[in-house]
Amino acid sequence: MQDNNDRRRGVRCNNIFISLNTYNGYENATDEEQQILPPRPNEPNIDDREKMLAVKFDKPINKNTTKSCKDALNEFASSNCCYGKGVSTNMIINNISNEFAYHYILETCTEWRSVKWTFEPFIGGYIDGPNNGEPPLPWSISCTPSALFMNETKEIPVPHTEQVFQCHNCKARGFVVCSRCKGVKRVRCSKCSGSGWVKKFDAKQKRHDKTSCGGCSGSGKSRCGKCSGSGELICLVCRGRKQLKWFILLTVSFLNNASDYVHRINSIPIELVKGANGKEIFKYSSNMAWPISHSTIKEINVLSSQLIDKHRQTYKSQKILFEKQTIKAVPVSEIDYRFKGESKRFWVYGTQGEVHCPDYPQQHCCGCTIL
Ligand SMILES: [Zn+2]
Ligand SMILES: [Zn+2]
Ligand SMILES: [Zn+2]
C-alpha cells in the first residue's frame, strides 16, 4: 500500500528506512517528538490592563493584642509536651508590632504541542490517508484542557496521515527468531548443564553413580522453553499482524507554571508565611497578565513586573492560555518580651494564630529527654 508520490520522506526505525509522506506543517516530523512553536507570539490584551488596574486591594486585618499573643503562646506551649507553661504569665511584653507579610503568586497556564511519526499493529479496517485531504496544521487541531491551571497531556492522531507498511521488525513474517535458542529450538539442558549425565547416590553401595540425565535423555539439550521449541517468537512490534499503521501523533501538554514571592518587614521565615492562612486581598486572571502597578507596597509592583517578564521569557515557545495573579496578606505580629532578665522575641502569624518561637525559654520543664 506504499504510494509513490513525490512528497516522500522517511524515518529511520531499527536501521530500516520507512518512506513516509511529508505534509505541510509536519516537514520535520520523525519518530522522535518535535516541538511545534505556536503560530503567533504571546500578546497580552490591551483592555485587560485597565480592568486589572481597576481591581481594588482588600484591607488586610491583624487584630492581635497582648492577650491574644499570650494565649497563642500558651497554646503553643501546651502542644509541646515538654514545654513549661508559666512563660506567658511571667513574661513582660515590651512591644508588639502588628504587621503583614504578603505572598504574591503568579500562575501561567501554558500549552505545548509536539508531533512525531508513530505506528500501531494494523488490524485491518479503514485507512484515513492523504487521499482524504491535506492534514490540518498542528495548531489548528482543536484540543481543550479539562480544567485550567492543572497539568494534563492529550494525544491526538493527526487526520489524513495514516499509511500502512510491512512490519520493519519481522519483515512482515509476524514472527522473529527466538532470542534464547537463536532459532535452533533446543537449548543446553539446565539439569545436567549440557553434559547429558547426572550423579545419583546409590544407598546400597554408598557411592555416587553417573547416570543418564532424565531432563534431556542424555542428549545434553532440551526443548527451548521460551519459544516452546518452535525456534520463533511472535513479533512484539506488529503483535503478529505483519503490517503496521503509521500516522502522525500530536501531543498536547497543558502545564501550570507558578512562581511566588514573599514580602515581609519582620524576620519571620518565608516558608512559614507561604504555608500560613491569610486573607486573599487581590486576585485577577486573564488570558495574559499585566504587571500590578497600583499596590501601595512598592516591592509587590516591582516583583509582579519581574515575575511576569520571567514567565514571558521562560514560556515564549509555548502558548500562554491564562494567567492569574494572587496576593495573600498573612498577619504577622512580632513580640519583644523579657523573661527572667533576658530579652527574647516570638511571632504570632496567620489567621489561625500560629506561633514561631525557636528559643522558647522552658523547653524541658520536666527534665525529660526527647528521644
Ligand atoms: Zn527458542
Ligand atoms: Zn540434561
Ligand atoms: Zn512484525
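**Figure 1. Tyrosine 284 in strand E14 of a predicted model.** Tyrosine 284 belongs to strand E14, which covers residues 279–286. Strands (E, at least two residues) and helices (H or I, at least four) are DSSP runs, numbered from the N terminus. The structure is a predicted model, in which local features need pLDDT of at least 70 and side-chain atom pairs count only at pLDDT 80 or more, while totals for chains, interfaces and linings use all residues. Residues are numbered from 1 along each chain as its sequence is written, and chains are lettered from A and ligands numbered from 1 in the order in which they are written. With 18 other C-beta atoms within 10 Å, tyrosine 284 is partly exposed. A residue counts as buried if 20 or more other C-beta atoms lie within 10 Å of its own, as exposed if 12 or fewer do, and as partly exposed in between, with C-beta atoms placed from the backbone. Apart from neighbours within four places in sequence, tyrosine 284 is in contact with Met52, Val55 and Gln325; a contact requires C-beta atoms, placed from the backbone, within 7 Å. Methionine 52 is 232 residues away from tyrosine 284 along the chain, yet their C-alpha atoms are separated by 6.5 Å.

**Figure 2. Helix H2 and its buried face.** Cys69, Ala72, Leu73, Phe76 and Ala77 are the buried residues of H2. Seen down the axis, these buried residues fall within an arc of 140 degrees, so they line one face of the helix; the arc is that of the directions from the helix axis to the C-beta atoms. An α-helix has 3.6 residues a turn, so residues three or four places apart point the same way. The buried residues of H2 pack against helix H3 (87–90) and strands E4 (92–121), E15 (319–339), E16 (342–349) and E17 (354–356). On the face turned away from the buried side, H2 carries the exposed residues Lys67, Ser78 and Ser79.

Figure 3. Tyrosine 337 has lysine 344, in E16, as its bridge partner. The hairpin of E15 and E16 has 2 residues between the strands, and in it lysine 340 takes a positive phi near 50 degrees. E16 and E17 also run antiparallel, joined by 3 bridges. Histidine 356, in E17, is the bridge partner of tryptophan 347. In the hairpin of E16 and E17, with 4 residues between the strands, glycine 350 takes a positive phi near 80 degrees.

Figure 4. Most residues other than glycine have a negative phi. Alanine 172, however, has a positive phi near 65 degrees. Alanine 172 lies in the loop between strand E6 (163–166) and strand E7 (175–177), and is partly exposed, with 15 other C-beta atoms within 10 Å. Serine 217 has a positive phi near 50 degrees and occupies the loop between strand E10 (207–212) and strand E11 (221–223). With 12 other C-beta atoms within 10 Å, serine 217 is exposed.

Technical notes
Two residues are in contact if their C-beta atoms, placed from the backbone, lie within 7 Å. Two strands pair if DSSP finds at least two bridges between them.
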